Amino acid sequence: MPGKVIALILLSCVALLSADTIFEEKEIYDLSDKISTLSVLWAGDLEGDRVPEILAGGIIYEEGISKGALVMIKRDEVSTLASIPSLSRTLVMAVCNASEDEGAEIVVGSRGLYVYTKSGRLLREKSTVGDVTALQPVDFDGTGLDEIIYGTSVGDVVYLVDFEAEYQLSVVGEVRFILSGDDDTYYVVTSHSIHYWKADGEQLWSYSEKEEILGAATYDINNDAKKELIYISGPTVYSLSSDGQRKSIKTPPAQPLSFSVAEVTGDGKPDLILTHAVDRVVVYSNLEEEVQSFPYRRESDEIPLLYAADITRDQKTDIIYGGITRVVVFENVVPTIKPLTQGLALLSQGEELYSRREYQNALEKFEAAEKFFIQMKEQELASKCREYITEITEIMEVLSRAEAAFTEGNRLYSEGEYEKAKTQFRAAIEEYTSLAERDRYYATFAEEAEALINECDRMIAEQYFQNGETYLDQMKYDEAIIEFEKARTIYATLGDDKAQTCSERVQSIQDLLQEEEETEQMNLFITVGALFVVVVVFITFLATRKKVSAKLEKGHVYLLLEPQPKKSLQLMKEYGRLGYEGLVISRLPPEQIQKKLKKQKILQLSSAAKEDSIPPDNVVNILLRMKEFMTNKKDNILLLDGLDYIAFQNTFEDALSLIQKLSESATLYKGILLVSVNPKSLEEKEKVLLEEEMELLEP
């Protein structure tokens, strides 16, 4: 279907290029007996009877006094609608809903502000400081009742709500134009500056031009649902985006005087209709290509007025030209063979917006295209639009649910409600996954929600872990085990190393409970025969002491020169039986040492990235691990086997420095340190230096 749409658009463009004329002169209205100088034009269905009117406002001079006048042109009849009860040399006008229950009204700015009914009856008036030189109705609050923004000859910008001033701003110089922007913003234009304000009076930015600004209008020329400001400055027509970025649109061969932007060529894209100083009206299709140029008769010093509207009721945009005392209607005569182009353009624009995921704007285009095709009885194209509308509506509903769940999940996460947050994130994943089946773009959002679920689990595990620590401090061992087990299960699922810490906590508690159980059994024996048990314990203690092959003292460091760490491992085993907690750092595989030392911690000197290994080239890490063990264990004994390997991986000076710092730690924390070294790996000088730092223990 998109290929068919493109083909039809190209066909329409060919028809346009083959057309000789866009506009032809239809009617000329002489207003010289009612207006001396024309200031403003408006065209449309003012009275709601499907018969368009032209409103012309200007100044009339009577006996040397200037007054304002409103003239209506309807069904080729020209009549004075109202006389403005003030003296002024300027007049501006807007048609809007300024009063409740009155329908459309005409708001006129002159030396004061006036509101007229469509029949010309004066409803309200308001005095102003200086002449009103610019006027713009807006409905920022969405009530259907327009607010009024007006500018004056002394640089005041006044925002009226219910015809009462809400706030007043000031600019330098006379205000020439006030034009609505996007949502709740508006432009204020003076002779050499442009200001962009929010509805609450906050100025977003301002822009200065070196050359005088002669005309201004707003239009969504990029079809992105954002209005640009189009204006004449010097010899060029520019556009200025809502973020203050200026772009040159067209520099005609002569000084431009006035312009209008409207879709007149039937391709659905904005066109530029421009008058310039050599008395010509030029039409630029899509703001770029000149498709028609025709002369007009301009009186001396006349700045033409242009207004675009369907005045001939043929669903094509005509141009109303205003001179000093005359109004000319130029009828749009683009062949009616191309009415389908408008709908095709809307469909193409909708597809482009859809591809950019601007769903609301795309939906509006498809709905407008569908309505057009239904009117044209193009059922196939209307059905295509309906398919898009259904699909986008579904996407927007799913996206709305996904975003709501994701936002709620983040809120609950920030409040520490992790289980509830996980529920919301799971809901978001389900919706985003559904969207990802249509558009892989949304897969990343599902992945982000999944990562947040893992983070929730991590925080929940941390809560369990902290609960376990608290119970452990309170000696509530059963409760502590339950909390640590919960934490371990979650950490293991996440692949977090803290699962091992939880296991160690549980094991230490179980060991402690076992010791308490043994103590209780011993207390039972004490109850039966305390004296006997004391004697037995004492004898057992003495017997145990006798089995120690060497008496070691706390705070001392011992050097064992042995090819294999047999003696040092034997001492570790013997002192382990005496209740000492041990740490072994050795080049031997942990499983080999574990056969002899079942309950002592073993780290292998290895560069392999394993949990039970420690790199031999990181002397600082070795020092910290051994120092930490001494700090946390009351009765501790440590074995460093492989000092020669550490020296090889670093330098002998590094290894010697490690021994010196470990000696200080052993003295400070009352630890026993055994250092096993293969004597064949040492030079005589190195051996002497080590013996100076440690007590030599014969193997």
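## Domains, salt bridges and helices in a predicted model

Across the interface of domain 1 and domain 2 the rule finds one salt bridge, a salt bridge being a side-chain nitrogen of Lys or Arg within 4 Å of a carboxyl oxygen of Asp or Glu. This is a predicted model, in which local features need pLDDT of at least 70 and side-chain atom pairs count only at pLDDT 80 or more, while totals for chains, interfaces and linings use all residues. Residues are numbered from 1 along each chain as its sequence is written, and side-chain values use heavy atoms, with hydrogens and water left out.

### The domains and their interface

The protein chain is divided into domain 1 (340–414), domain 2 (439–523) and domain 3 (557–696), with bounds that come from an automatic or database domain assignment. Between the C-alpha centres of domain 1 and domain 2 there are 49 Å. Six residues from domain 1 and nine residues from domain 2 take part in the contact, where contact means heavy atoms within 4.5 Å.

The size of an interface is often given as the accessible area lost when the parts come together. Here the area buried between domain 1 and domain 2 is about 610 Å², and carbon and sulfur atoms give 64% of it; buried area is the accessible area (1.4 Å probe) that two parts lose on being put together, summed over both. On the side of domain 1, Arg357, Phe406 and Tyr413 lose the most area to domain 2, and together they make up 77% of what that side buries. Arg357 also meets Asp439 in a salt bridge between their side chains, at 2.7 Å from N to O.

### Salt bridges

Side chains of opposite charge can pair when their charged atoms come close.

| Pair | Distance, N to O |
|---|---|
| Asp439 and Arg357 | 2.7 Å |
| Asp49 and Lys74 | 2.5 Å |
| Lys74 and Glu53 | 2.9 Å |
| Glu352 and Arg356 | 3.1 Å |

Helices (H or I, at least four residues) and strands (E, at least two) are DSSP runs, numbered from the N terminus.

Asp49 counts as partly exposed because its relative accessibility is 33%, whereas Lys74, at 10%, counts as buried. Lys74 also forms a salt bridge with Glu53, their closest N and O atoms being 2.9 Å apart. This pair links distant parts of the chain, with Lys74 in strand β4 and Glu53 in strand β3, 21 residues apart. Like Lys74, Glu53 is buried.

In the pair of Glu352 and Arg356, whose side chains meet at 3.1 Å from N to O, Glu352 is partly exposed at 40% relative accessibility, and Arg356 is partly exposed at 35%. Elsewhere, salt bridges that share partners join Glu47, Asp49, Glu53 and Lys74 into one network.

Helix α11 (residues 619–632) has 14 residues and reaches 20 Å from its first C-alpha to its last, close to the 20 Å expected at 1.5 Å a residue; the expected span of a helix is 1.5 Å times one less than its number of residues. Which residues of α11 are buried? They include Val619, Ile622, Leu623, Met626, Phe629 and Met630. Seen down the axis of α11, its buried residues fall within an arc of 130°, so they line one face of the helix, the arc being that of the directions from the helix axis to the C-beta atoms. On the other side of α11, Val620 and Asn632 are exposed.

Among the buried residues of α13 are Phe652, Leu656, Ile659 and Leu662. The buried residues of α13 pack against α11, and also against β29 (557–561), β33 (636–641), α12 (643–649), β34 (672–677) and α14 (684–693). Just after α13, Lys670 takes a positive phi of about 60°.

Conventions. Buried < 20%, exposed > 50% of the residue type's maximum accessible area, 1.4 Å probe, protein only.
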